Amino acid sequence: MHAMVEVPAAARRHPLLKSHVLEAKYEFLRMLRTPMFALPTLLFPVMFYLLFGVAMNRGDGSAAQHMLATYGVFGVMGAALFGFGVTVAMDRAQGLLALKRALPMPPGAWLLAKMAMALLFSAIVALLLAVIAATLAGVSLAPGQWALLWLVHVAGALPFCAIGLYIGTVAGGSAAPVVVNLLYLPMSFLSGLWLPLAMLPDALARLAPVWPSYHHGQLALKVVGMDAGQPVALHLGVLAVVAIGFFVLARARLARCG
Amino acid sequence: MNRWPEILAAGAIAAAIAGAVLAQGASAEPAVAADVVLPSGGEGAAFAITGVRVFDGERVLPAANVVIRDGRIAAVGADVAIPAGIEVVDGAGRTLLPGFIDAHTHSWGEAQRDALRFGVTAELDMFGDWNRIPALRAQRESLGATGQADLWTAGATVTTAGGHGTQYGFPVPTLAADGDAAAFVAARVAEGSDYIKLIVEDFSTHSDERRLPTITPAQVAAAITAAHAHERRAVVHASSQADALHAVESGADGLVHVFHDAAASPEFVAAARSSGAFVVPTLSVVASFAQDGSGSALAADARLAPWLAAEQRGALEAAFPGAPRPAAFDNALRSVAALHAAGVDVLAGTDAGNPGTTHGASVHGELALLVRAGLSPRAALAAATSVPARRFGLDDRGRIAPGLRADLLLVDGDPTADIAATRAIAGIWKNGHAVVRPRMDAPAAAPAIAAGALLADFEDGATGVRFGHGWQLTTDAMAGGTSVADQAWAAGGAAGSRGALRVAGEIRPGFAFPWAGTMFHPGAQPMQPVDASARSELVFQARGDGRGYQVMLFSGPSMQALPSMQAFTAGPEWREVRIPLASFAGADVATLRAVAITAGQPQGAFELYIDQVELR
């Protein structure tokens, strides 16, 4: 008897939270059931790491450690850019966004849901890479380092969520995947996520700080003691400005064009 | 519609990105400059050397990571991960070695400091002051930062009254001809000797005439037995094969020289092999008997020279008195080849403290000599690392392995292929602490000579100089001669000038190479070196009695070094004398100490005027 009274009471006390959680859950399930998104997002970084960090690496622990940091950034960046950019564009194209706005749900819930989804995918990618690094690639870090690296990877998804959101508001549903790929792959390469910057032409290496992914990568490398030695505040500052800046741009765009 | 938020956001993104690119340029510079200072892995600190070839004392790892923490080696291996937040030294193209152990030295004064500056992190003293043993123990047990190599010592040696080891001017305990060797050894153990060194040396291999008393064969056997009873190693100085054979057959743990009166006989090799004795050939000092110039060559090696103190350079260039004995060196090389081939442990030791050798630098020469004797570079490196550590029970050194003391030497190149690569030192760590290597070459310390070529023109009615300490009389009286000289300003100089310096005196008998004259010291103090390398020529006006005179140039690291000389003649008319500084053979104008203008043979009076002296 008690339970029947208590459950609705609890639901009444947190209707806002519940609708957020439900929205996030369905967004996550939707993405998980979209192989076009889930498979590349989860498998690409893992495949890359298995190939370059484990199979071709011949037991160089320091290289495996470097790649763990940078491929983790590559992975979460993909989850955030595709999760936001492509889905927002498609939602807009199909009128789903307009429908959601008409529904009696909290105004920012869809946005937070997508963000939660992106962070959750990022968390999974980062965790998968960490497990492979520890078991197959011979990377050994202090417990605090593992935790901090994971946190940096996951939290670092936020600026890319903002960039993805902006792309989603600008590009059409069919153009968005192309736009995201055109940004995602060169940006990964030019930020030194696939190869150390020292192996790039000097001009490109010097321009690497243009890309937010470079700053995210440097933060991750700093955790494992392999960064270029610039201050944390610089990287955090750039990432914060990029996150807030693109969010502001996207909001203005949505307000104007829906 | 208000688009300001968008413009502001876009502007902020652009500004942040531009700032990040600019900040990169600014921070790139200090990162490069910081490379010069080596990181420390001493107490509470850690660093790593990555991708470095490692000679671990026995084996070679082609590309490994080495982590140093709290003064010890924390990890070594190809797959060792580099912990976050620690400094990293790029080991590409370099080789990491255990700090060298010199297994035969006589370490006084600055020896331990000189040794460490060349990557020798431990020395085994074979005769020294026993009063310092407690301090040496504390020093080598510490993991603290230090500028000195650790030292083990035999303390006083087992020698007899008037025997070898008693001739250095301070009292040492001696074993009487009929004395009790066991009691004598017990006294050395009580003093704290780390091992017992016996001296069996009657000088017969060094000289046809001179003989020294030495301990008897019975005392040798008794001393070795006593040393073992006290759980000390017994090592023996023997310079003849017969004495060495007796020592080995009496159970000596090792010979601290290879004998040099003959090449090792098959009988000796077999005895050494079956007894398990080791040999410290000390080829460096035997090469010095041969006066083959290997010490001087070492001093001239550009990879070592800048870090040699003046005394070290002098010691390397010094020779043993007497005629060269190339046969001794030849015998020693052949013995080492035979002993090594038979599997007898060979240890690198220099006998530093003797003419032709010095602490630190000579180990690099000894390694090359061991290779010349037939050891592979790898075996030679083992002879200076793991082998002495094993044979002398230095458990925490001589190898690069987890848990061992971080006494390390990083060199450019691959000494396992080219042994001389050990001289290209890129870094030294003692107890994990980076060793600071100040350059010791005098030119860096010498003040440059003051501007202006003119040294003195004697125009002011006195004998003053434009720079330096001034003109000073010099005669052979300082060497026991009786020549005399006087100097004063004199009116009427060259080309009608106001005055000149008159030097006159008499060359008298009483010394083989008499001289008398005047001497100019360019430094503020007499014989203080100054860097005159910007000058190329000594030019002055001279007038005299028609005799021949000499210009002597004093230079180099040592005040006692012989001067380099050039001759000129001074006739009745003023004449310009020009002598290129380069023509003073063997002189080093970067450490110019003095210029003397003197009369020499034949005996008799002399009178010389000089004017308008310039160092152009």
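Helices α4 and α5 (residues 217-229) of chain B pack with their axes 8 Å apart, at an angle of about 45 degrees. This is a predicted model, where local features need pLDDT of at least 70, side-chain atom pairs count only at pLDDT 80 or more, and totals for chains, interfaces and linings use all residues. Residues are numbered from 1 along each chain as its sequence is written, chains are lettered from A and ligands numbered from 1 in the order in which they are written, and side-chain values use heavy atoms, with hydrogens and water left out.

A few terms first. Helices (H or I, at least four residues) and strands (E, at least two) are DSSP runs, numbered from the N terminus. Axes are lines fitted to C-alpha atoms, for helices over the stretch in contact, and angles run from 0 to 180 degrees between N-to-C directions.

Back to that pair: the angle makes α4(B) oblique to α5(B). Angles under 35 degrees count as roughly parallel, over 145 as roughly antiparallel, 65 to 115 as roughly perpendicular, and the rest as oblique. On the α4(B) side, Ala181(B), Ala182(B) and Val185(B) meet Gln219(B), Ala222(B), Ala223(B), Ala226(B) and Ala227(B) of α5(B), with contact taken as heavy atoms within 4.5 Å. Sorted by class, this contact has seven nonpolar, one polar and no charged residues. Here Ala, Val, Leu, Ile, Met, Phe, Trp, Tyr, Cys and Pro count as nonpolar, Asp, Glu, Lys and Arg as charged, and the others, Gly among them, as polar.

| Helix pair | Axis distance | Crossing angle |
|---|---|---|
| α6(B) (residues 241-249) and α7(B) (residues 266-275) | within 9 Å | roughly 25 degrees |
| α8(A) (residues 157-170) and α9(A) (residues 176-190) | within 10 Å | roughly 150 degrees |

With that angle, α8(A) is roughly antiparallel to α9(A), and their crossing is right-handed. Phe160(A), Ile163(A) and Ile167(A) of α8(A) touch Val179(A), Val180(A), Leu183(A) and Met187(A) of α9(A). That contact comes out as seven nonpolar, no polar and no charged residues.

In chain B, α6(B) and α7(B) are roughly parallel to each other, and α6(B) passes α7(B) in a left-handed crossing. Gln241(B), Ala244(B), Leu245(B) and Val248(B) of α6(B) meet Glu267(B), Phe268(B), Ala271(B), Ala272(B) and Ser275(B) of α7(B). These residues divide into six nonpolar, two polar and one charged.

Next, salt bridges: a side-chain nitrogen of Lys or Arg within 4 Å of a carboxyl oxygen of Asp or Glu. Arg140(B) lies in helix α3 (residues 133-141) of chain B and Asp194(B) in the loop between α4 (181-191) and β9 (196-200) of chain B, so the pair ties together parts 54 residues apart in sequence.

Across the interface of chain B and chain A, the rule finds zero salt bridges. The area buried between these chains is about 2100 Å², and carbon and sulfur atoms give 65% of it. (Buried area is the accessible area, with a 1.4 Å probe, that two parts lose on being put together, summed over both.)

Finally, some backbone details. Most residues other than glycine have a negative phi, and most peptide bonds are trans. Asp70(B), in the loop between β2 (60-69) and β3 (72-77) of chain B, has a positive phi near 55 degrees. The peptide bond from Gln601(B) to Pro602(B) is cis, with omega near 0 degrees.

Key: Left-handed = near helix turned anticlockwise from the far one by under 90°.
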